[in-house]
Amino acid sequence: MIPSPVSIALDLAIIGGGVAGLWLANRAKSAGYSVAVFESGGLGGGQTLASQGMIHGGMKYTLAGALSGASEAIAEMPRHWRACLCGEGDVDLQHTRILSDHFFMWSGDDLGSKITGFFASKITRGRIEPVNPNRRPPLLRHPLFTGSLYRLEDLVIDTPSLVNNLANNIEGHCFCIDWSQAQLLKDATGQLSLHIQTPQQSLVIQAQRFIFTAGKGNAELLAQIGEQQPAMQLRPLQQVMVKNHHPFDFYGHCLGIGTTPRLTISSHRLPDGEHVWYLGGSLAEEGVNMSADELIQKAETELRDLIPWINLHNAEWAVLPIERAEPLQPGFARPDNAFMEKVPGTNVLVGWPTKLTLAPNLANQALELLQGDGVAPQPANNFNYLLDYLPYAEPDKTPWEKAFPPKISAEEAMALRFKELDENDE
Ligand SMILES: Cc1cc2nc3c(=O)[nH]c(=O)nc-3n(C[C@H](O)[C@H](O)[C@H](O)COP(=O)(O)OP(=O)(O)OC[C@H]3O[C@@H](n4cnc5c(N)ncnc54)[C@H](O)[C@@H]3O)c2cc1C
C-alpha cells in the first residue's frame, strides 16, 4: 500500500544551491527561519565554481570611455567579505581559503600612458597603488616586461572551499531534487507547493516563501509555474583552462582598449597540486562562437604576446562554455547590484546576485523583503521527513577538476605508494 503524502511545513524553500542560495540559507537559518535548499545538480556547480573568485569593489576595469562610479552596494562588498572571512560577519567563512588578498592590473607598453592617467584618478581612493619594479609578482618579474602595473587591495577566494564552508554551516539543510520525480504546483491563490515522489514516500512541501536562486535555471522554474517575470538575460562566455608546470600563481586583469579586460587570469590547484590558469575577460567573450581548437589557439597567441617568457610547451588546454545569468537590463547592461524581487500574487521570490561578490547583498535584499511582508520564523513541521527521504546535495567538482581528471584514481595512487613502501621494506 502506498503511504499517504506527508505534508512538510517550512519557512523558506530555496531552489538552487549556488552562492546565492547557500548564502541566503546561512543568513535565514541564523535569523531563526526553518529552511531547506533544493539543488538539482552539485552545490555550486553552475556559475559559482566556474567563477574566478574575485571579490571586488565594482570598479569598471575599462580604459574605454567614461567610467561610471561603482554602486554603493558593491563598493561595500570587499569589507563585508573580509569580516565574514575573519568570523566577524553575518556568515561565518572562517573555513574559506583566500587565494590572494590583492589582484593586479597591467597593460602593455602601447597603453602605458592611458593606464597611468586612468589610475591616477583612482589612487586617491587608497585601494590601488602602482607596483614598484622590485615588488612585481614573479610572473611579471622579467626584463621583457615593460608595461604598467597596479595592485588592487581586493580579494580572490577559493570557490570550492567557499561552497563547502557555506554548505557545512547549514549541514542537513541541502537536499538533492530530481525534477523527473518532483513538481511545483501553484494553487488558485498563487501559493506554491513542492511535490516530491520518493521511492518510499510522497512529500508535499509547503513554505511561507519559495525562493528561486537557480541562476540560469530561474527562467525554467518560473515557466514551470506559468510566470515569465522577472525576465533574465544570459551573458555567454567561453573560458579557457591551461594546466602548466609553471610555478607562478597570478590573479589579475590585463587591460586592453575594450570595455572588458583583454585577459583575466586566476590560478587554481588540482587535487594533486598541479597548477591551472583560468583565463577569462575579452578572450572568453569573443571566444563564445569559436571552436575549442580555435579558442585555445587564440589563448595561446594572447599569452605568447603578453607574457612571451612563459614556457607553454607541454601545457594541457581545455575550454568551458558557460553563461552568466542576470536579471534583464535595458540595453543588456551589466547590473551593479544584486537583484531580488517578489513574483506578484504568489509566495515566490526570485533572485540573481549578478556577481559572486554581491551574494551578501542578495541575502540582505531577500531578508528585507521577508520582513517587509511580515514573514516571521515559525516552527517547522515534519522536517525529519526531508532528512529521511531525500539525499543530501554535495558540492560539485570544479571545471578544472572535470577538465583535467587525474591520470590515475586516488585508490590507484594509494596502491602505488603502498607498493613502493613494500618494495623498500624488502
Ligand atoms: C566564468 C565566470 C567568471 C566569474 N567571475 C566572477 C568573479 O571573479 N567575481 C564575481 O563577483 N563574480 C564572478 N562571476 C559571476 C558569479 O559567478 C555569479 O554571479 C554567481 O556565482 C551566481 O550565483 P548563483 O548562486 O545565482 O548561481 P549559480 O552559481 O549558477 O547556482 C545556481 C544553482 O542552481 C542549481 N539549479 C539550476 N536549476 C535548478 C533547478 N531547476 N532546481 C534546483 N537547482 C537548480 C544549479 O545546479 C546551481 O547549483 C563569474 C561568472 C562566470 C560564469
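**Notebook: sheets, helices and a ligand shell**

I began with an open sheet of 3 strands, in the order 3-8-4, with antiparallel pairing. Strand 3 and strand 4 stand at the edges, each with a single partner strand, so one side of each has no neighbour in the sheet. I noted the rules for these words. Helices (H or I, at least four residues) and strands (E, at least two) are DSSP runs, numbered from the N terminus. Two strands pair if DSSP finds at least two bridges between them. Strands of a sheet pair through backbone hydrogen bonds, either parallel or antiparallel.

This is a predicted model; local features need pLDDT of at least 70, side-chain atom pairs count only at pLDDT 80 or more, and totals for chains, interfaces and linings use all residues. Residues are numbered from 1 along each chain as its sequence is written.

**Entry: strand 3 and strand 8**

I counted 2 bridges between strand 3 and strand 8, which run antiparallel. Isoleucine 55 stands opposite leucine 155 in strand 8.

**Entry: strand 15**

I looked up strand 15 (residues 263–269) next. Of its 7 residues, 6 are buried, so the strand is largely enclosed by the rest of the structure. Buried means that 20 or more other C-beta atoms lie within 10 Å of a residue's own; exposed means 12 or fewer, and partly exposed is in between, with C-beta atoms placed from the backbone.

Strand 14 (residues 252–254) is joined to strand 15 by 3 bridges, and they run antiparallel. Cysteine 254 stands opposite leucine 263 in strand 15. Strand 16 (residues 275–280) is joined to strand 15 by 6 bridges, also antiparallel. Strand 15 and strand 16 form a hairpin with 5 residues between them. In the turn, glycine 273 has a positive phi of about 95 degrees.

**Entry: serine 266**

I picked serine 266, which sits in strand 15. Tyrosine 278 in strand 16 stands opposite serine 266. Is serine 266 buried or exposed? Serine 266 counts as buried because it has 23 C-beta neighbours inside 10 Å. Leaving out residues up to four places away in sequence, serine 266 touches Gln52, Gly53, Val156, Tyr251 and Tyr278. Contact here means C-beta atoms, placed from the backbone, within 7 Å. I also checked leucine 149, 117 residues from serine 266 along the chain; their C-alpha atoms are separated by 16 Å.

**Entry: helix 3**

In helix 3 (residues 77–85) I found these buried residues: Met77, Pro78, His80, Trp81, Cys84 and Leu85. Seen down the helix axis, they fall within an arc of 160 degrees, so they line one face of helix 3. The arc is that of the directions from the axis to the C-beta atoms. The buried residues of helix 3 pack against strand 3 (54–55), helix 2 (72–75), strand 4 (98–100), strand 8 (155–157) and helix 9 (359–372). Glycine 87 follows helix 3, with a positive phi near 80 degrees.

**Entry: helix 5**

The buried residues of helix 5 (residues 159–169) are Thr159, Pro160, Leu162, Val163, Asn165, Leu166 and Ala167. Their cover includes helix 1, strand 8 and strand 9 (174–176).

**Entry: the ligand**

How many residues surround the ligand? I found 39, and the closest are Gly16, Gly18, Gly46, Gly215 and Gly217. A residue is near a molecule or strand if its C-beta atom, placed from the backbone, lies within 6 Å of it. Helix 1 gives the most to this shell, with 3 residues.

Notes. Two residues are in contact if their C-beta atoms, placed from the backbone, lie within 7 Å.
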